[in-house]
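This report describes one protein structure for a reader who is new to the subject. Please keep the sequence and the model in view while reading.

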Amino acid sequence: MNTLTLPPYLHEGDKVVIVSPSGKIDKSFIAGARKRLESWGLKVTPGKHANSSSGRYAGTIKQRLSDLQTAMDDKEVKAIFCSRGGYGVVHLIDKLDFTLFAQYPKWLIGFSDITALHNLIQEKGFASLHAPMGRHLTVEAADDPCCTYLRDVLFGNLPTYSCKRHKLNHNGTARGILRGGNLSVFYGLRGTPYDIPAEGTILFIEDVSERPHAVERMIYNLKLGGVLDRLSGLIIGQFTEYEEDRSLGKDLYGALADLLKEYDYPICFNFPVGHVTHNLPLICGAEVELTVEKKSVDLSFIC
């Protein structure tokens, strides 16, 4: 099993940076995220162009790249928080230099389109954190469980997650490297150097605003490409902001269950990860154990 290097966990007083590598963001969410992170005892600096705007993006490619590269190169920075997702990360991933990052690895935090950065960082041999971003850190209460889990993970207190069973689950226990994120984003990287390796992987997927037949098409790609054959486990998260397509004959989860019925590794449906408030932080690249039982599902970090 090819384990990845986890960046050092944080301590109070550590420097962290907020960047906007994708879509433009309401300035209040940068300010809110900064306030939340400072309440954890961190020293927070927004990137120079974190509040910039260029069309739908948070600045030009040059501006977004500059902020991210500067944060990656700074040996004092211990974590890089992405302010939001939204299309745009793909502009950057073949332009980043990991020379100094490899000497001073740091946590990269975000989800949605930030999945492309997670794939890139894993390809370079490091783990990263699929977790809530600026809006969540701003609007949710101080005792919000996902904010608490995010803080705990960053400071090295790794949780074990438990959730309710789903009738479509496949029971079993497996260990593997946790990888995944937004389905349509990593689907767009299939066949590139930033594709997710299947062997020994426990894959998690989620998506937003994708029609059921489009989701099914992407899963068929994983099936026909041999990815599903080689996984150690599969975690199906939240699919949101879509309408069920009754012409498929089943709802989305039902259609996916038909596609997956031949696989005997553990499969969990309805895991709390995705474009939802209860979006559990997951370490991409960590070794985990997934246990799917009759009454519950547990995910624990072995790292």
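How many nonpolar, polar and charged residues does the lining of the second largest cavity have? The model under study is a predicted one, and in it this lining has 8 nonpolar residues, no polar residues and no charged residues.

**Enclosed spaces**

The count of cavities of 30 Å³ or more comes to 2. The second largest cavity holds about 40 Å³ of space. Its lining is formed by Leu68, Met72, Ile80, Phe98, Phe101, Leu108, Leu117 and Ile121. Helix H2 (61-73) and H4 are the elements that give two or more residues to this lining.

The largest cavity holds about 60 Å³. Among the residues that line the largest cavity are Phe186, Arg190, Asp195, Thr201 and Leu231. By class, the lining of the largest cavity divides into 8 nonpolar, 1 polar and 2 charged residues.

**The largest pocket**

The largest pocket contains about 460 Å³ of space. It is lined by 22 residues, and those closest to its centre are Arg84, Phe111, Met133, Arg135 and His275. Helix H5 (residues 134-139) gives the most to this lining, namely 3 residues. The table sets out the spaces described so far.

| Space | Volume | Lining residues by class |
|---|---|---|
| Largest pocket | about 460 Å³ | 6 nonpolar, 10 polar, 6 charged |
| Largest cavity | about 60 Å³ | 8 nonpolar, 1 polar, 2 charged |
| Second largest cavity | about 40 Å³ | 8 nonpolar, no polar, no charged |

**The sheet**

The model has an open sheet of 6 strands, in the order E2-E1-E3-E4-E5-E11, and its pairing is mixed. Which strands stand at the edges of this sheet? They are strand E2 (43-46) and E11; each has a single partner strand, so one side of each is left without a neighbour in the sheet. On average, neighbouring strands of the sheet are turned by 25 degrees against each other, with direction ignored.

Strand E4 and strand E5 (residues 128-130) run parallel and are joined by 2 bridges. Gly110 has His130 in E5 as its bridge partner.

**Two residues with positive phi**

Most residues other than glycine have a negative phi. Ser112 is not a glycine, yet its phi is positive, at about 65 degrees. Ser112 lies in the loop between strand E4 (107-110) and helix H4 (115-123). Is Ser112 buried or exposed? Its relative accessibility is 11%, and because buried means under 20%, Ser112 counts as buried.

Glu241 also has a positive phi, near 55 degrees, and is a residue other than glycine. Its place is in the loop between strand E9 (233-240) and helix H10 (252-260). With a relative accessibility of 61%, Glu241 counts as exposed, because the term exposed applies over 50%.

**A buried proline**

Pro281 is found in the loop between strand E10 (267-269) and strand E11 (282-284). The relative accessible area of Pro281 is 0%, so this residue is buried. Which residues does Pro281 touch, not counting those up to four places away in sequence? They are Leu129, His130, Ala131, Pro132, Cys146, Tyr149, Leu150, Tyr161 and Phe301. One of these contacts, His130, is also the bridge partner of Gly110. From C-alpha to C-alpha, Pro281 and Asp251 are 27 Å apart in space, and they are 30 residues apart in sequence.

Note on methods: Residues numbered from 1 in each chain as written. Predicted model: local features only at pLDDT ≥ 70, side-chain atom pairs only at ≥ 80, totals over all residues. Heavy atoms only, no water. 1 Å grid on protein atoms, 1.4 Å probe; cavity = no way out; pocket = protein on both sides within 12 Å on 5 of 7 lines; lining within 4 Å. Points joined across faces, edges and corners; volume = space filled by probe spheres on them. Helix = DSSP H or I, 4+ residues; strand = E, 2+ residues; numbered from the N terminus. Nonpolar A, V, L, I, M, F, W, Y, C, P; charged D, E, K, R; others polar. Buried < 20%, exposed > 50% of the residue type's maximum accessible area, 1.4 Å probe, protein only. Contact = heavy atoms within 4.5 Å. Pairing = 2+ DSSP bridges. Axes fitted to C-alpha atoms, helices over the stretch in contact; angles between N-to-C directions.
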